[in-house]
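Here is a short report on selected parts of one protein chain. Keep the sequence and the 3D view open as you read.

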Amino acid sequence: MKITDARVLVTCPGRNFVTLKVTTEDGIYGLGDATLNGRELAVASYLTEHVVPLLIGRDARRIEDTWQYLYKGAYWRRGPVTMTAIGAVDTALWDIKGKALNVPVYELLGGASRDAVLVYAHANGADIDATLAAVRRQLELGYTAVRAQSGIPGLERTYGVATAGKAYEPAEPGFPPEHAWSTEKYLSFVPSLFERLREEFGDGLRLLHDAHHRLTPIEAARLGRSLEPYHLFWLEDASPAEAQERFRLIRQHTTTPLAVGEVFNSIHDCHQLIQQQLIDYIRTTVAHTGGITHLRRIANLAELYDVRTGSHGATDLSPVCMAAALHFDLSVHNFGIQEHMPHTADTDRVFPHAYYYASGMMHPGHAPGLGVDIDEALAATFPYTRAYLPVNRLEDGTVHSW
């Protein structure tokens, strides 16, 4: 089953997505998500100029060999651009194999370990009352786990909070906006948000919160301890984890569960966090961590240390990645939870899919392969639009951790 064609498709049905379409001599094609938020064209170029020429003529069934060839065969390894490109190829090949064997991908991964996939929704507002209202709307939709974020008094903008009543979108058109940030105001405010949430919704609701890498380890430890009375499901991205030992200090001071990893791109970024049990959830993604093949390695390591998965799943990843994540989630034994942000109606039309949501759970569906397609003609009507994530500055003007 030789690969005869591979093409990179860029579209923007509300936000930018990069898709790799790999076709075999049998006419079977597979899709992989190659979207890297704010650096989409870098991955598109890497694939077109450096990876696609290497795929032509290769056997599409040899998924592991192709992964090793693209990873170990290049002098320059790892990094978000490289690993996102490899991830797109890997995911497309799993899609092809599933279609060739007429089974959903999760059957190729050992079959289902559960009946459906627990997901969490996003709820955010300009202030506490608005956030409570947003949480209530998600509960009405059947979600049993909600990530709650709120605007911070004294700060004009807060990343993670939608503006002007629009649906939350992490990237903004044009060049990067700059937001003022105050750690002191944030740390003083957040416990009051979760106090109100528990008063309003009781103890049964799974509550999550994202600190977006903005805290030093000791600041993160303070936040984790202050949130202990409200028993969060997790505190996400409390501190940048490039130096993995940073989380040891946080762990020593709080029992609030810790989640991190959406910006990681290989097992080497998180092996110490996992092996030393410094986190409770690893949030690596199919798209940015070398595809299903490499994500399974991370999950297998994590299982040995009672660390569960909680993959990133915001709208900066396409329905192709969401489908792949759900197949992975359904199959892996140490699954924890999956992030879920509904895509725009235009995105769903560009990427018709078999996965579905019901009562706080999702399922990848039973279609062969990933169960997701792309309408190329429709995709072409949504051209690439430059967009970036915001840049944070402290109130004195210093560029701050993202």
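## Two loop residues with positive phi

This is a predicted model. Start with D306, which sits in the loop between α10 (291-304) and β12 (308-309). D306 has a positive phi of about 60°, although it is not a glycine. Is D306 buried or exposed? The relative accessibility of D306 is 67%, so it counts as exposed. The cut-off for that label is over 50%.

Now go to S359. Its place is the loop between β14 (356-358) and β15 (361-363). S359 is not a glycine either, yet its phi is positive, at about 55°. S359 has 59% relative accessibility, so it too counts as exposed.

## A buried loop residue

F382 also belongs to a loop, the one between α13 (376-379) and β16 (387-388). F382 has a relative accessible area of 16%, so it is buried. The cut-off for buried is under 20%.

What does F382 touch, leaving aside neighbours within four places in sequence? One part of the list is V10, T11, C12 and P13. F382 and Y75 lie 307 residues apart in sequence. In space, their C-alpha atoms are 36 Å apart.

Strand β2 covers residues 17-24. How many of its eight residues are buried? The count is eight of eight, and the strand is mostly covered. Look at the two faces in turn. F17, T19, K21 and T23 are buried on one side. V18, L20, V22 and T24 are buried on the other.

β2 pairs with strand β1 (residues 3-11) in the antiparallel sense, over eight bridges. Within this pairing, V8 stands opposite L20 in β2. β1 and β2 form a hairpin with five residues between the strands. G14 in this hairpin takes a positive phi near 110°.

β2 also pairs with strand β3 (residues 29-33). These two strands run antiparallel and are joined by five bridges. Here T19 stands opposite D33 in β3. β2 and β3 form a hairpin as well, with four residues between them. In that turn, G27 has a positive phi of about 90°.

T19 lies in strand β2. Its relative accessible area is 0%, so T19 is buried. Which residues does T19 touch, not counting those up to four places away in sequence? They are R7, V8, L9, L31, G32, V320, F351 and I374.

T24 has a relative accessible area of 3%, so it is buried. Beyond residues up to four places away in sequence, T24 touches M1, K2, I3, T4, A60 and I96.

## Helix α1 against helix α2

Next come the helices. Helix α1 spans residues 40-55. The axes of α1 and α2 come within 12 Å and cross at roughly 145°. The crossing of α1 and α2 is right-handed. V51, L54 and L55 of α1 make the contact with T66, Y69 and L70 of α2. By class, this contact of α1 with α2 has five nonpolar residues, one polar residue and no charged ones.

## Helix α2 against helix α3

Helix α2 (residues 63-72) also packs on helix α3 (residues 80-101). Their axes are 10 Å apart, and the angle is about 165°. Why call the pair roughly antiparallel? The angle makes α2 roughly antiparallel to α3, because angles over 145 degrees count that way. α2 passes α3 in a right-handed crossing.

Which residues meet here? From α2 come I63, T66, W67, L70 and Y71. From α3 come M83, I86, V89, D90, L93, W94 and K97. By class, the contact of α2 with α3 has nine nonpolar, one polar and two charged residues.

Note on methods:
Residues numbered from 1 in each chain as written. Predicted model: local features only at pLDDT ≥ 70, side-chain atom pairs only at ≥ 80, totals over all residues. Heavy atoms only, no water. Axes fitted to C-alpha atoms, helices over the stretch in contact; angles between N-to-C directions. Parallel < 35°, antiparallel > 145°, perpendicular 65-115°, else oblique. Left-handed = near helix turned anticlockwise from the far one by under 90°. Contact = heavy atoms within 4.5 Å. Nonpolar A, V, L, I, M, F, W, Y, C, P; charged D, E, K, R; others polar. Buried < 20%, exposed > 50% of the residue type's maximum accessible area, 1.4 Å probe, protein only. Pairing = 2+ DSSP bridges.
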